[in-house]
Amino acid sequence: MNYTTIINNQTIPVSDIPEISYNEFIDLNTGFLTDSPERHCVNYFGSRVGNQVRLICCIADDNTHQIYVSSCLIKSGDSLDSFTARNFNFEKFEREIHENFGVGYNDHPWLKPVRYAKNRFDQSQTIANYPFFSIESDELHEVGVGPIHAGIIEPGHFRFICNGEQILHLEIQLGYQHRGIEQQFLAKKKLLQRTTVAESIAGDTVVGHTTAFSHVWESLCGFQPSRDIEYARTLALELERMAVHTGDLSAVCTDIAYQLGSSVFGRLRTPIINFMQEWGGNRLSKGLIRPGRNQFPFTPELANRLAEILDIYEPDFLEMNEQLFQLPSALSRFERTGVVSYDDVLSIGTVGMAARMSGLCRDTRQSHPFGLYPELNHEPIIKHHGDVYSRVQIRKAEVKQSMQYIRNLIQHVPEISGNESVFQSPKPNSFTLSLVEGWRGEICHCAITDELGELAYYKVKDPSFHNWLALALAVRNNEISDFPICNKSFNLSYSGHDL
Amino acid sequence: MLSLILILIAAAFFTGVIVRVKSMASGRKGPGILQPLFDVFRLFKKGVVYSETTSFVFQIAPTIYFSSVVMAMLVVPFGQSKGILSFDGDFIFFAYILALGKFFSIISAMDTGSSFEGMGASREALYSMFAEPAFFILMGSLALLTGHTNFQEMFSALHIGSYISYALAILGTFVLMMIAMVENSRMPIDDPKTHLELTMVHEVMILDNSGFDLGLILTAGYLKFAIYGALVVNLFIGVFPLQYSIPMFFVIQFVLASGVGFIESFMARFRMSHNAQFIFVLTSVSLLIFFGALLILGKFV
């Protein structure tokens, strides 16, 4: 065997990951993905071992619910054949390895910096001299947007090449939000500090990232979370999904200047996040999820309160959706805008909503279940057109689905088992991988410990990491005035990408 | 003189009514009716910032734009009473003095060298170009119908012959209001509230304007709405005495403003590529008016 097989949240000794030669490594991993739409790369990263770099590649198989992990040792200055030349799934990952470790690729088609990490290999690369793709033409023009966003949300630079109103090419340059999250996990020694770092990866996916971190930590420590802990996490994940999807529907309506939808959906998001405040003291769910603990137990009183809130929420939500999806002027903006084909999402390996919009089933709640999802028998919602309309419909359907799950979950509130945070320290020389389906898609956290059981390497992959490319493909041949609606329909995270 | 005073009063509340209607439609209380007016007073007290890449064109353009709108306002009559300026062919003067102002606002947007503003300028130029035939066919038909070529005589003679002319007036209302929406960059052509430069038309052209200049541009926008509203009123009130026509003026202006507010609340804006088609439809409606005028005159064989 030249790879090892694990399941979600399983800890294995690092020595169990077979170390193979680079040629074998590239054949194995690109071979996994050839003609297998059920497989995709969940994480591919390098970590420093002495003066060498250990590459670890994790390929998830949605049908067998397994993850295939293999590794390879290379030198930092090596010039290698790239995975990307064979499969675009690895494009961003290899750029990251190139940026961080100076690994050269001789046939990578787009070897540009990813996020200008502070510990990058080549310090002469700066955000001010990003090598943009450009054109020599009298007819075409370039439009640069950002890094200051028109709605001052988060910074990112978008460079369009247009023929009049039509977009031919979009290049997205990020990295302005880089905070060194992965280094912070190693630098901060207290568990609480690390959890807080996990909460700050992306402000809109607090539950998702903190759950992933908690799973990693608990798995490393050999801690089996009790039912009430996983119950709270699953519930919080679904509530977060509801709140953000509702907010996104509002934002999409704002972008097409549909005031009624914008204000009604905006209002509907509030009771959900206010409930999070009632439950855990924070509207964005900060402080709610803690490794090994049920910080804010979910009580039957809270369950009643939540049921009341949902009873008020549901009719308004359904009525507003009926209005929105019957409004000709809104439909004319949604339909056939920002299309990404099935072949494209498959080849670039998008995850979450950005895959399900085009008929590609990627949902770790079903394929690599965690928490209480095995009991919920989750059926992913799949649309097939890959346009803004599909993405909006997915949101609508997922809110309804989450509401159903929450209603089921709060029927039986589990007994509180007491705060049993008796932690062993993490196992030494171990490797753990955790997949969580946040509202945006698959979140992947990986950790490696050293011989003392200290964190030696921590790797975060937010779904935005490869989904940004889907946005760049979506806007091709669209009007430039439709870019904002395309962007909002994806609603990707800048800070989740930049870490 | 009368028309000038009425238009100024209407301009003071027109935009405020739109904003208020939109607020109420979305369940909010909304600002006072005169808030837009306070906003421009605030801007008038401020200084101006000019970007280093701009030339004198950028500095004179807001003033020229504002004066062009004021000039256009002067030729608008009110029923039987003439505007301050009135001469044969003044509707042509009206259209092209506005076009002159628009020309300057377009070149001032180009002057900033911003890629957004160039895009906005090209959109604005395209839409104005499409709206122009609609206006001239409408006015030409009225001139044909009445045999006069100035606003005041045209409007006062409009309803003397036949009641079918009221049907034409209603079609004319539609055309003029839609032209007003295009000119003022309101929905469904443009979204005045958006913060996204890439989807803006008019708003993006004035991104670089600030302080006093911005105040002038906003005031010109308020005036434009009231001017088009006044033209609409003129289509109906030609034969009424003043004690009826003045209340009618305010009622019609108010209905138009609320109508704009309702449209903006309950529909999404058009996709940019559909705008040109939509504006072109106005020309077809104008042609209907033209054929209507021919019918009334019995020139159809």
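**Exercise 1. Work out how α6(A) and α14(A) are oriented to each other in this predicted model.**

Step 1. Locate the helices. Helix α6 of chain A covers residues 227-255, and helix α14 of chain A covers residues 388-409.

Step 2. Take the geometry. Their axes come within 9 Å and cross at roughly 150 degrees.

Step 3. Apply the cut-off. Angles over 145 degrees count as roughly antiparallel. Therefore α6(A) and α14(A) are roughly antiparallel to each other.

Step 4. The crossing of α6(A) past α14(A) is left-handed.

Step 5. List the contacts. On the α6(A) side, the residues include A:Y231, A:L235, A:L239, A:M242, A:H245 and A:V252. On the α14(A) side, A:V392, A:V399, A:M403, A:I406 and A:L409 are among them.

Step 6. Sort the contact by class. Twelve residues are nonpolar, four are polar and five are charged.

**Exercise 2. Describe the side of chain B that touches chain A.**

Step 1. Count both sides. Chain B brings 24 residues into contact with 25 residues of chain A.

Step 2. Find the helices. On chain B, α10 (242-266) and α11 (272-297) each supply at least two residues. The largest share, three residues, comes from α10(B).

Step 3. Sort by class. This side of chain B has nine nonpolar, eight polar and seven charged residues.

Step 4. Check the confidence. The model scores ipTM 0.88 and pTM 0.91. Chain B averages a pLDDT of 89, and 99% of the residues score at least 70.

**Exercise 3. Decide whether A:T210 is buried or exposed, and find its contacts.**

Step 1. A:T210 lies in helix α5 of chain A, residues 206-221.

Step 2. Count neighbours. A:T210 has 27 C-beta neighbours inside 10 Å, so A:T210 counts as buried.

Step 3. Leave aside neighbours within four places in sequence. A:T210 is then in contact with A:T195, A:A198, A:E199 and A:I289.

How values were computed. Residues are numbered from 1 along each chain as its sequence is written. Chains are lettered from A and ligands numbered from 1 in the order in which they are written. This is a predicted model: local features need pLDDT of at least 70, side-chain atom pairs count only at pLDDT 80 or more; totals for chains, interfaces and linings use all residues. Axes are lines fitted to C-alpha atoms, for helices over the stretch in contact, and angles run from 0 to 180 degrees between N-to-C directions. Helices (H or I, at least four residues) and strands (E, at least two) are DSSP runs, numbered from the N terminus. Angles under 35 degrees count as roughly parallel, over 145 as roughly antiparallel, 65 to 115 as roughly perpendicular and the rest as oblique. A crossing is left-handed if the near helix is turned anticlockwise from the far one by less than a right angle, and right-handed if clockwise. Two residues are in contact if their C-beta atoms, placed from the backbone, lie within 7 Å. Ala, Val, Leu, Ile, Met, Phe, Trp, Tyr, Cys and Pro count as nonpolar, Asp, Glu, Lys and Arg as charged, and the others, Gly among them, as polar. A residue is buried if 20 or more other C-beta atoms lie within 10 Å of its own, exposed if 12 or fewer, and partly exposed in between; C-beta atoms are placed from the backbone. pLDDT is the predictor's confidence in each residue, from 0 to 100.
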